Amino acid sequence: MVKLASARDFRTYGPGLTKNRYEYINAGLYLIASVVLVSGFAAQLSSQARWPLLLIVTALAIFLLVNLHDLMAHLAGIDFRLPLMAFDLQLAFVEFAVPLLQILGTLLPFLAVLFLFIQEEKGHGYFKLEKHALNMLVAGPVLWLIGSIHNSCQIYERADGHVQILQQCVYIPLLLGSLSFMLGAILNYHEQSREIHHGIHLLGRTWIWLGIFGSTMFLVGGLTNLIKVFKMQQMNGMRLEKLRGGAHERLVSAREGQVPLIMEHQKMITHQPQETKVTLPPPTPYKDVLIGQTKS
């Protein structure tokens, strides 16, 4: 569920001048989804517990679309050439792994809440879905937390200090929110194993209150991310990180018809010129030399 907020100069959100607009839309959708998620968890405290589940499902669906768009944007930055990630560990473990983890982590709670909603609407004939729903409620936030840790491991050596501060203001709330959701799901799992509940009653007060705190942290992270996007759009693109020798630089070199230095070095090793051998005529026997001298 973490909105990947990379400060890469090669980030692609759309063709040409529309990429800024797409990035604003992406950040805005994340913020809207956070507001809907907070409203859904807060409404769980009321007696009407069915329609708040629809709010939670809607928010998770928007988060799913946002992270899917992030994944497609990063893959578009390297022309969907997955082997290039072998030359850039940050691209593989952060810009590719984080959206993928967040997509899987969002899909599991989405299905879990949807299963509980279906059971509540259709009656108590779907008890087999309860165990799977509780397991998915735990597994999803675990993936969120792993993705949040990966997302906070981005290293910027040459980026502006202001950019790095904005990055940390996004990472920390999202990390706290993911941790809160994971703790709430684990505690709720242990509480429900002691008592017999069905349907939406499987979502206890502990899960609701920690969900409110976690979704509030997501809201803070989404708001700071929107501020970060606005600030970075005003920086004229000169204070962003540009990694050297990575996947993006190799792709740019290939587009310009240049061969990267490592590949040139490998080519020189594999195609070294062979030593030229000069064949000399066989030596003349000493006897033939004496005969030639006597004849002259």
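Predicted model: local features only at pLDDT ≥ 70, side-chain atom pairs only at ≥ 80, totals over all residues.
Let me start with Tyr-22, which lies in helix H1, the helix that covers residues 19-43. Together with Ile-25, Leu-29 and Ile-32, Tyr-22 makes a nonpolar surface patch of about 350 Å².

From there let me step back to the chain. Its secondary structure comes to nine helices and zero strands, and of the 296 residues, 43% are buried. The accessible surface is about 16,500 Å², and carbon and sulfur atoms account for 66% of that area. If we take the contacts between residues at least 6 apart in sequence, 81% of them join residues that are at least 24 apart.

Now to the record. The UniProt entry, which is unreviewed, lists residues 21-43, 49-68, 89-118, 133-153, 165-187 and 207-230 under "transmembrane region", and I would remind everyone that such annotations may be inferred rather than shown by experiment. I looked at two of these ranges in the model. Over residues 89-118 the chain is 100% helix and 0% strand, with 42 Å between the end C-alpha atoms, while over residues 207-230 the chain is again 100% helix and 0% strand, and there the end C-alpha atoms are 34 Å apart.

That brings me to the aromatic side chains. How many aromatic pairs does the structure hold? There are seven aromatic pairs, and I will describe two of them. Phe-41 and Trp-207 form a tilted pair, with 4.8 Å from centre to centre and 50° between the planes. Since Phe-41 lies in helix H1 and Trp-207 in helix H6, which spans residues 205-233, the pair ties together parts that are 166 residues apart in sequence. Both Phe-41 and Trp-207 are buried.

The other pair is that of Phe-63 and Phe-218, which is edge-to-face, at 6.4 Å centre to centre and with 65° between the planes. Here, too, distant parts of the chain are linked, given that Phe-63 is in helix H2, residues 50-76, and Phe-218 is in helix H6, 155 residues apart. Phe-63 and Phe-218 are likewise buried.

Note on methods:
Residues numbered from 1 in each chain as written. Heavy atoms only, no water. Patch = residues over 30% accessible without salt bridge, like charges linked within 9 Å, V, L, I, M, F, W, Y side chains within 5 Å. Areas by Shrake-Rupley, 256 points an atom, 1.4 Å probe, with all protein chains shown as cover. Salt bridge = Lys/Arg side-chain N within 4 Å of Asp/Glu carboxyl O. Helix = DSSP H or I, 4+ residues; strand = E, 2+ residues; numbered from the N terminus. Phe/Tyr/Trp six-rings, centres within 6.5 Å; stacked < 30°, edge-to-face > 60°. Buried < 20%, exposed > 50% of the residue type's maximum accessible area, 1.4 Å probe, protein only. Contact = heavy atoms within 4.5 Å.
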